[in-house]
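These are my notebook entries on a structure that I looked up. I took helix packing, aromatic rings and backbone angles in turn.

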Amino acid sequence: MDYNALEPLENDPNSLQESLLRHLRYSLGKEFRTKTIRDIYLALTLSLRDRLMEKLLETEARYQAADAKRLYYLSMEFLIGRSLGINLTNLGIFEACHSALIDMGIDLEEVREQETDAALGNGGLGRLAACFLDSLATLDYPGFGYGIHYEYGLFKQEIDNGYQKEKPDHWLSKAGPFQIERSDESCIIPLYGRIEHGLDLNGNYNPMWMDWRVIIGVPHDIPIVGYGAKTVNYLRLYAAKPSSDFDIQIFNAGDYFRAVEQKIKSETVSKILYPSDTFDTGKELRLVQEYFLVACSLRDIIRRYLKTHQGFDGFPDKVNIQMNDTHPALAVAELMRILVDEHSLEWEAAWNITQKTLAYTNHTLLSEALEKWPVGLLEHVLPRHLQIIYEINHRFLSEIAVLWPDDPDRLRRMSLIEEGDEKQVRMAHLAIMGSHSVNGVSALHTDLIKTSLVPDFFARWPERFNNKTNGITQRRWLLKANPLLADLLNETVGSEWITDLSRLQRLEPFASDPAFQDRFRKIKRANKEQLGKIIYQTTRLKISPDSLFDIHAKRIHEYKRQLLNVMHIIHDYFRIIEDGFEPAVPKTYIFAGKAAPGYWAAKQIIKLIHNVGDIIHKDRRIKDKLKVVFIPDYRVSLAEKIIPAAEVSEQISTAGTEASGTGNMKFALNGSLTIGTLDGANVEMLEEVGEDNIYIFGLKTREIQEMKQTGSYRPLNYYHEHDSIRRVMDAFWDNRFCPHEPGLFRWLYHHILEKGDNYFHLADFLSYSRIHETAYADYLQIPVWNRKSILNVARIGKFSSDRTISEYAGEIWDLTPVH
């Protein structure tokens, strides 16, 4: 008997019913007559996991037979959302499962609501990583995600009197059993300790990392199924556990309280995403988290490689590691440490392997977001790694001194160590030095990396720098999130777009067709009605689906300029109550997004949104002409309801600050028209959809750079010269929107008019107001608006993550699909 050759599981409704009932009885110990909807969810998830594991093992056997090169994607965030629906979709058994449950008297949608979002990310960085995993599997690439198994994730956002309140998001307590714990593949990770300076047998310097503390990384795998279920890869997440040996020693010594304290301290490493770094303990925990991710990942990658290969000469031919932003940049030092200290490679050979193996994606142009770690903290937590970083820096600067003699400023700018009152290690520099590829995530962003962010490094290694414009997976953001529109597209142009988004170009001839426009508009209306119900459930605010839905959904940050949007809403409000403007169609402005717990200004903007909304809603002169809504606790599953309902998408970051953005792509894919600046991927979206089908406003990046360099931007001039600006700014001063908390928003008056308005709100205000008027006029012409909306769907094909991943695979990873 071939013990590896089990009969494959069937996916017809009867087989799914049988599988579900077996798990209900034998895995959960329940009878069908006593089941709850939660029991059905768990039994169904277990049934799907059986099928996913079957495909995962088949996929792994295929990779091993081909001795395939593998890609490992290291990221602090993987915002995967809910898994049940997308797994049913990509396995191709959504309808079969729906039929099976209907026969049992069960509503699949009610079952799906039992699942909570996996709180493994914060925003675009994590959502991009999740889209990439979907595309890697769909395109049959051997690609795997590596991250941290956060117990609480970021936080659950609640609103109390307009203020954001952060609550623990204990998502694991409600998570389904898609995760598989692999405790047999746990990693031992050293931390802290000291360096003992010694010599080896040949008299060479041989530093020894001694007296370190150990924590254990326990992997948990989440299967990632590609569309069509030909390939199932995995996302491997590590949970931190204490060393059992260390605990036993403490227990044997009789110090039970210390043992428990040690256990709690070890497990804290994977408790929450992005602990506050306001205090030194928070900074230390964030550094430990980043090293924990890197160390566990590299241990596992090397273990897997050495199972079938000897020596490291061929390592870069079988392994590529992509660092998603600077959080995993310690991979440079850790890979060098493993190769030099544990496998006795010479420095030059180890450095050559490291550079050929690692690649780095930059995601930000903001200086405060480019990570730097205090030298003293690194020495305390990772003493050996700091030694390696200093050695990398010494060799690098020696090379630069030869290439650019008598240029000390260049050496200072390029050094890994930033001098100052407190020396710091520049992690972006470390990632660039240790990689063979450095990519930006939009054409504009990549150009700014080369010319503004790190021009010295571009001058040294121009061949390393390249662009990979971000993308999104249409399987989640259209097929799953907007099934009504997906069905219409399948009926009209076929279903090939599901794996080749460029096929939506076939939709263009239908853009002006009245019958198609009517069906398209009815779908948008149905999605607006659905969102209206969610808004009422969460905020008790009734909004009309006849109003224009203008949506600004993203992380709350000054550079993303939710404040500019609110200023325009105030302007709209004054036009109605003071200028006599009568809108022909009501407007509903919808916001969603979280502010970082320690980001005071962003949290104040959330409060401002609520206060402005409250004043407007209580003003009888408005009569539902204007509504302002903030939907709390923005997450993937909520985005799947918000985005299909949008008619206007706000993508209004200050030009030159947004790396790419992917929300812009999701909204356009679902037929929303963009109001945006020429920032990030908006530039390329303009090229694709055409200037008649997107609303662009504001200063360009070059103009803003010139104004900064010359100091020619003076917000007070705009205030004195334009009545509309002065009226809005004065409202911040005179407590118009905070009658019960006088002075609450005066900081905005000072911040913008006296402290420089770093994100150019006033410089772009008039242009922003005018483009809104243009968009509103088009919205009143229903056939014109419908055509623009349909053309956005038809021309968004470039922005699939399938295209992005194919470019990474061909141009950076040298990765081949294993069909």
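**Entry 1: backbone angles**

I looked up Asp 814 and found a relative accessibility of 59%, so Asp 814 counts as exposed. I note for all entries that the model is predicted. Asp 814 lies in the segment after helix 33. Its phi is positive, about 50°, although Asp 814 is not a glycine. I recorded this angle because most residues other than glycine have a negative phi.

I then turned to Phe 760, which is not a glycine either but has a positive phi of about 60°. Phe 760 sits in the loop that runs between helix 30 (746-753) and helix 31. Is Phe 760 buried or exposed? With a relative accessibility of 3%, Phe 760 counts as buried, because the limit for buried is under 20%.

**Entry 2: packing of helix 29 and helix 31**

I next looked up how helix 31, residues 761-779, packs with helix 29, residues 723-733. I noted an angle of about 120° and a distance of 10 Å between the axes. The two helices are therefore oblique to each other.

Which residues make the contact? Helix 29 contributes Ser 724, Ile 725, Val 728 and Met 729, and helix 31 contributes Leu 762, Phe 765 and Leu 766. Of the residues in this contact, I listed six as nonpolar, one as polar and none as charged.

**Entry 3: aromatic pairs**

How many aromatic pairs does the structure hold? I found 28, and I followed two of these in detail.

One of them joins Phe 132 and Tyr 808 in an edge-to-face arrangement, with 5.6 Å centre to centre and 65° between the planes. Phe 132 belongs to helix 6 (residues 124-138) and Tyr 808 to helix 33 (residues 801-813). The pair thus links distant parts of the chain, 676 residues apart. I noted both Phe 132 and Tyr 808 as buried.

The other pair, Tyr 146 and Tyr 238, is stacked, with 6.4 Å centre to centre and 25° between the planes. Tyr 146 is in strand 2 (residues 143-148) and Tyr 238 in strand 10 (residues 232-242), so this pair ties together parts that are 92 residues apart in sequence. Both Tyr 146 and Tyr 238 are buried.

Finally, I followed the ring pairs from these two tyrosines. Tyr 146 and Tyr 238 belong to a cluster that ring pairs also link to Tyr 63, Tyr 72, Phe 144 and Tyr 234.

Key: Residues are numbered from 1 along each chain as its sequence is written. This is a predicted model: local features need pLDDT of at least 70, side-chain atom pairs count only at pLDDT 80 or more; totals for chains, interfaces and linings use all residues. Side-chain values use heavy atoms; hydrogens and water are left out. Axes are lines fitted to C-alpha atoms, for helices over the stretch in contact, and angles run from 0 to 180 degrees between N-to-C directions. Helices (H or I, at least four residues) and strands (E, at least two) are DSSP runs, numbered from the N terminus. Angles under 35 degrees count as roughly parallel, over 145 as roughly antiparallel, 65 to 115 as roughly perpendicular and the rest as oblique. Contact means heavy atoms within 4.5 Å. Ala, Val, Leu, Ile, Met, Phe, Trp, Tyr, Cys and Pro count as nonpolar, Asp, Glu, Lys and Arg as charged, and the others, Gly among them, as polar. Rings of Phe, Tyr and Trp (its six-membered ring) pair if their centres lie within 6.5 Å; planes under 30 degrees apart count as stacked, over 60 as edge-to-face and the rest as tilted. Buried means under 20% relative accessible area, exposed over 50%, partly exposed in between (1.4 Å probe, protein chains only).
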